[in-house]
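Here is a friendly note to read alongside the sequence and the model.

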Amino acid sequence: MNTQITDRPRAGWRQVPRDLAYLLPGLPIAIASFTIMVTGFFLGLGLFVLAFLGLIVWIAMFGAARGFAVAERARVALMEDRPVGPAYHRPASGKGLARLFSFLRDPLAWREWGFGILILPIRCFTWSMTIAWTAAALGGTTYALWEWSLPRDNEESDTLAELIGLGDGRLADVALNTAIGLVFLATLPYLLRAFALTESSLVWAMLTNENAALRARADELSRSRTAVVQAEADTLRRVERDIHDGPQQRLVRLTMDLESAQRRFDDDPEAARPLLEGAVTQTKEALAELRAVSRGIAPPILTDRGLPAALAAATARCPVPTTLDVGPDLAERLPSAIENAAYFVVTESLTNVAKHSQAARCAVSVVRVDDVLHVQIADDGRGGAHLGKGHGLAGLADRLAGVDGRLDIVSPPAGGTTVSAELPIPAASTAR
C-alpha cells in the first residue's frame, strides 16, 4: 500500500485533464454497473428455485462485473499512468454443474460485484461536485464576457455585490463574480485530485488482490519446482539407462578384447591384431555414444559458443531436412537457464520429429521479442501429438515450468505439428 500511495500523481494543472477525463464519465458507468449488478442479483436469486437458471444469471452477472472491473482498472491506470493490479481470479474447477458453482467461490468476483453497487452513491457526490466546481470556476472567471447577456429587471433584481453591500454598479458585480471564479479555479486541481483519489483508492482496495496473487504465484512456483525436480529425475534415469545400454556395454567388451589381445600378444601377435582393430572401433563408437549422451545434458558447444551455434549443430544432425531461423538479437548471450531450456526444447522436438512424425521437412525458428524468447518447431508429419502424461512433450512442459516458460502444441490429426515455447527473459539478468 505504501508503494501505491507514493506513486500516485500529485495535484496540479498538468493532472487536471486526466482527473476530469476519469471523473466525468464515472456517473453513467456507475449507473449502468449498479443497474446490472442489482438486477442480476435479485433476478438470479428469484430464479434459484430453478437452480440452473439462477446460476446462469449470476454467472452472467459476475461476467459483467468483471468487465466493468477491467474497464475501471484501465481508467485508473490511464489517470495515474501506471498499471493497476494484480487482479487474480480463482480458476474454475470440477465438471458440469459443480464447475458452474465454482465460479461463485471466487472472492474477487464478489468484490467486483460489490464495487459495482458501492460506487454509485460515491460517484453521485463526486460527479455532482466536479460539475458544480468546474462550472463555478469557468463561469466566474469568464463572467465579464457574458454578464451583459443576463436579463435584468431594474426594479426588483439585485446583484450579489449589491446584496453584500459592495455597490450597485456593474464593475462591482463583475469584480466580485470574477474573484469568486478565481477562488474556485485555484482550488479546482486539489478538489479534482481528492475526488479522483477517493475513487481510485476504492478501485485499489476492492478490485486488486495482491495477497491472493502472491499465494497463487507461490503455488505455481511450488508446482513448477516439483515438475522440474521430476523432469531432472527422468533425465537422470534416461542418461543412466543410455550409458548402461550403450557405452558401458561397449567398454565391457572393449576390456575383454584388450585382455584377450594382451594374452595373445606374446604367443601369436597376428591373432592379437584383429582384436586390437576391433577395440579401436569400439572405442570410437563408445566415444560417439558418450558425446550423444552429453549433448542431452550440457553440450560444450552451447556453453562455449552460445545458442545459435548449438542449434545449428542440432539441426544439422537431424535426419529430417531442417531449416533454422535465428533472430539477430541472439548474438548476445542469454542467461544459461534460458539457453539450456531453449536448446532442450529444440533437440527433444527434433528427436520426436525423427522418431514419430514421418515428416519430409522441418523448420526451427528462435527469435527474441522484447523480453520473451519465442521458439517454434514445425514439421509436415502425420500430427496427433499431445501433452499427455508419459509422453516426451510432457517432459518439455515440465522443463519449461522451471523458467516460467509456456509450451503450446498444435498437432491436428490431418497432419503437421507445431511446437511453440515462450521463455521470459529476466530483465535484470546478464549474459554469462
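1. Start with Glu 422, which counts as partly exposed at 29% relative accessibility. Its side chain meets that of Arg 406 in a salt bridge, with 3.1 Å from N to O. Arg 406 is partly exposed too, with a relative accessible area of 46%. Please bear in mind that this is a predicted model.

2. Arg 123 sits in helix α6 (residues 107–141) and Glu 72 in helix α4 (residues 51–80), so the pair connects parts that are 51 residues apart in sequence.

3. Are these two partners buried or exposed? Arg 123 is buried, with a relative accessible area of 1%. Glu 72 counts as buried as well, at 2% relative accessibility.

4. Another pair to look up is Asp 380 and Arg 361, whose side chains meet in a salt bridge (3.4 Å, N to O). Asp 380 is in the loop between β3 (372–379) and α16 (392–401), while Arg 361 is in the loop between α15 (336–357) and β2 (362–369), so this bridge ties together parts that are 19 residues apart in sequence. Asp 380 is partly exposed, with a relative accessible area of 32%, whereas Arg 361 counts as exposed at 56% relative accessibility.

5. How many salt bridges does a search of the whole structure find? The search finds 11 salt bridges.

6. Next, the cysteines. The structure holds 0 disulfides. Cys 318 is in no disulfide, and the nearest cysteine sulfur, that of Cys 362, is 6.0 Å away. Cys 318 is buried, with a relative accessible area of 11%, while Cys 124 counts as partly exposed at 37% relative accessibility.

7. Now turn to Ser 200, which is placed in helix α9 (residues 170–206). Ser 200 is buried, with a relative accessible area of 0%. Leaving aside residues up to four places away in sequence, Ser 200 touches Arg 8, Tyr 22, Val 76, Met 79 and Glu 80.

8. Last, a pair of helices. The axes of helix α14 (residues 307–317) and α15 come within 10 Å and cross at roughly 10 degrees. Angles under 35 degrees count as roughly parallel, and α14 and α15 are therefore roughly parallel to each other.

9. Which residues meet where α14 and α15 are in contact? From α14 come Leu 307, Ala 310, Leu 311, Ala 314, Thr 315 and Arg 317, and from α15 come Glu 339, Ala 342, Tyr 343, Val 346, Thr 347 and Leu 350. Sorted by class, this contact has 8 nonpolar, 2 polar and 2 charged residues.

Key
Residues are numbered from 1 along each chain as its sequence is written. This is a predicted model: local features need pLDDT of at least 70, side-chain atom pairs count only at pLDDT 80 or more; totals for chains, interfaces and linings use all residues. Side-chain values use heavy atoms; hydrogens and water are left out. A disulfide is a pair of cysteine sulfur atoms within 2.5 Å. Buried means under 20% relative accessible area, exposed over 50%, partly exposed in between (1.4 Å probe, protein chains only). Helices (H or I, at least four residues) and strands (E, at least two) are DSSP runs, numbered from the N terminus. Contact means heavy atoms within 4.5 Å. A salt bridge is a side-chain nitrogen of Lys or Arg within 4 Å of a carboxyl oxygen of Asp or Glu. Axes are lines fitted to C-alpha atoms, for helices over the stretch in contact, and angles run from 0 to 180 degrees between N-to-C directions. Angles under 35 degrees count as roughly parallel, over 145 as roughly antiparallel, 65 to 115 as roughly perpendicular and the rest as oblique. Ala, Val, Leu, Ile, Met, Phe, Trp, Tyr, Cys and Pro count as nonpolar, Asp, Glu, Lys and Arg as charged, and the others, Gly among them, as polar.
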